Amino acid sequence: GMTEGAYSVAKGWVIGVRRHKHVAFVDLDLYDRKEQFVVREDVMDRLGDLVDKLRPESYVEIAYVRDGKDNVVKDIKVINEAKDVYPYKVIRHADPYDHSIAKLNIRHVMFKNPLFRDILEIRAHFIRAIQLYLDSNGFIEISTPVISPVTYYGKDSAFKLDFNGFEAYLNQCNAYYLEDALLGFPKVYSLIPSFRAERIDSPRYLNEYWHLKGEMANYDLYGVMDFMERFVSDLVADLANKFQEKILNLNKDFDPNSFKAPFYRIDYDEAVEVIRRTNPNFQWGMQIGSVEEKILSQHFDKPFWVMHLPRKTQPFPYRLKPDNKEKTLTADLIFPWHGEVLGVAEKIYKMDELLERVRTDGLPDNNEENYRWYIELRDMGLPPHSGFGVGVERFLKAVLNAPHVRDVTPFPRLYEHRPVP
């Protein structure tokens, strides 16, 4: 007989057994690939019973040798036997975008689905690629807190918690902390979850999502827009380069050129005109929501910016447009048919300008005490700066043409769904 050392060993899940009179075939899922193993007649006496009893999804170890193209089985050991708790076969072959099968309550089983694995592998690579890209562009990553004394968009959409008797909130947006970090570094970013308590059931909303935020000293609105155009182009090109085949399996119409800069730029005023042709009830000053984004999407074949959004819709640290104080130095980048994926803004860095905006538009929750440290930065020689914010799931949803942001994160937290698993 052969010595033990000459065998190869494979460990994986049983996904198929075909038994014939003198030969059997066992298919294993080995994470990154499927392999077939042949149980030949000479070992059937010894292993036949075991093969007959192999349960699908059990985790097994197979010792085998290569013979031409065949993996010839010498021994099989069951390491952990599976029970028929779930319709594994259905889940393995399900389209993860089909929510009638890929239900949230079986999310913990979806890791056995090869397309779901591809989505998560692409996601993991994307997050690393963001960090490498920003690092190579001179950014420093700042670890910002998840427990915050301030909100960004007001208490109504914040998750409240009691922190040693103080009222605090789960991070809604950590831009304040990144602006502070500009006293130490010229370009800073963080990539952590943000939490929004909005009661919205929409394909672009998660109550917990991964949020890339950055701040850049001495960049104005146009500078940060140019930088983000390169960011989008380069990161999509990187994904296309590494995962062309896997992306096309998920999004058959994927074309990296449709994410290539330069992007279109329209002013909010122009956007309002276009929207009003379809919906005459849309008023100047309203927020552009998903319905309006769809109307605008009909006119563009690649991402487009809507610039100079009305001050009523934009938080207080954003600068007002010098020649029209009803508008702000902000822009949202909309991916056609997927909606807003990222936003940029020029921030107020001078004290008198900030206090004037606070006087006219107020602070979130009118809580001056908790914002004092942030406001004081303007008396410390804070440099002029602009910021950006990107929803990781929204970006991936657009590239992979997923129907919902829940499809590109392993354990989504959604309004009106129990947080299980």
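A residue is taken as exposed when its relative accessible area is over 50%, as buried when that area is under 20%, and as partly exposed in between. These classes are applied below to a predicted model.

The chain comprises 421 residues, of which 53% count as buried. Its secondary structure consists of 10 helices and 18 strands. Taken along the principal axes, the C-alpha atoms fill a box of roughly 90 × 55 × 40 Å. Among the contacts in the chain with a separation of 6 or more, 66% are accounted for by residues 24 or more positions apart.

The partner in one of them is helix H3, residues 114-136, and the two axes lie 10 Å apart at an angle of about 155°. Angles over 145 degrees count as roughly antiparallel, and H3 and H5 are therefore roughly antiparallel to each other. The crossing in which H3 passes H5 is right-handed. The residues of this contact divide into 15 nonpolar, 2 polar and 7 charged.

The partner in the other packing is helix H10, residues 392-400, which meets H5 at an angle of about 55°, with the axes 10 Å apart. This angle makes H5 oblique to H10. H5 passes H10 in a crossing that is likewise right-handed. On the H5 side, Phe231, Val232, Val236, Leu239, Ile247 and Leu250 are involved, and they meet Phe395, Val399 and Leu400 of H10. By class, the residues of the contact of H5 with H10 divide into 9 nonpolar, no polar and no charged.

In soluble globular proteins, nonpolar side chains tend to be buried together. In the present model, the largest nonpolar core contains 50 residues, and those touching the most other members are Leu134, Met228, Phe231, Trp305, Val344, Phe388 and Phe395. The element that gives the most to this core is H5, with 14 residues. Apart from this core lies another, of 24 residues, which includes Leu178, Ala345, Val358 and Tyr374. The surroundings of Phe395 can be listed in detail. When residues up to four places away in sequence are not counted, Phe395 touches Phe126, Phe231, Val232, Val236, Phe335, Val341 and Val390.

Glu346 lies in strand E17, residues 339-346. The relative accessibility of Glu346 is 12%, and this residue therefore counts as buried. With neighbours within four places in sequence left aside, Glu346 is in contact with Asp220, Leu221, Pro317, Tyr318, Arg319, Leu329, His385 and Ser386.

Several features of the backbone were also examined. Most residues other than glycine have a negative phi, and most peptide bonds are trans. Asn164 has a positive phi, near 50°, although this residue is not a glycine. Asn164 is located in the loop between strand E8 (160-163) and strand E9 (166-170). Because its relative accessible area is 63%, Asn164 is exposed. Asn401, also a residue other than glycine, has a positive phi of about 50°. This residue belongs to the segment after H10. Asn401 counts as partly exposed because its relative accessibility is 37%.

Cis peptide bonds occur at two prolines discussed here. The bond joining Ala261 and Pro262 is cis, with omega of about 0°. Pro262 is placed in the loop between H5 and strand E12 (264-267). The bond from Val420 to Pro421 is likewise cis, and its omega is near -5°. Pro421 lies in the segment after H10, where Asn401 is also found.

A further position considered is His20, in the loop between strand E1 (8-19) and strand E2 (24-29). His20 has a relative accessibility of 43% and so counts as partly exposed. Between His20 and Phe116 there are 96 residues of separation in sequence, and the C-alpha to C-alpha distance is 33 Å.

Methods
Residues numbered from 1 in each chain as written. Predicted model: local features only at pLDDT ≥ 70, side-chain atom pairs only at ≥ 80, totals over all residues. Heavy atoms only, no water. Axes fitted to C-alpha atoms, helices over the stretch in contact; angles between N-to-C directions. Helix = DSSP H or I, 4+ residues; strand = E, 2+ residues; numbered from the N terminus. Parallel < 35°, antiparallel > 145°, perpendicular 65-115°, else oblique. Left-handed = near helix turned anticlockwise from the far one by under 90°. Nonpolar A, V, L, I, M, F, W, Y, C, P; charged D, E, K, R; others polar. Core = buried A, V, L, I, M, F, W, Y, C linked by side-chain atoms within 4.5 Å. Buried < 20%, exposed > 50% of the residue type's maximum accessible area, 1.4 Å probe, protein only. Contact = heavy atoms within 4.5 Å.
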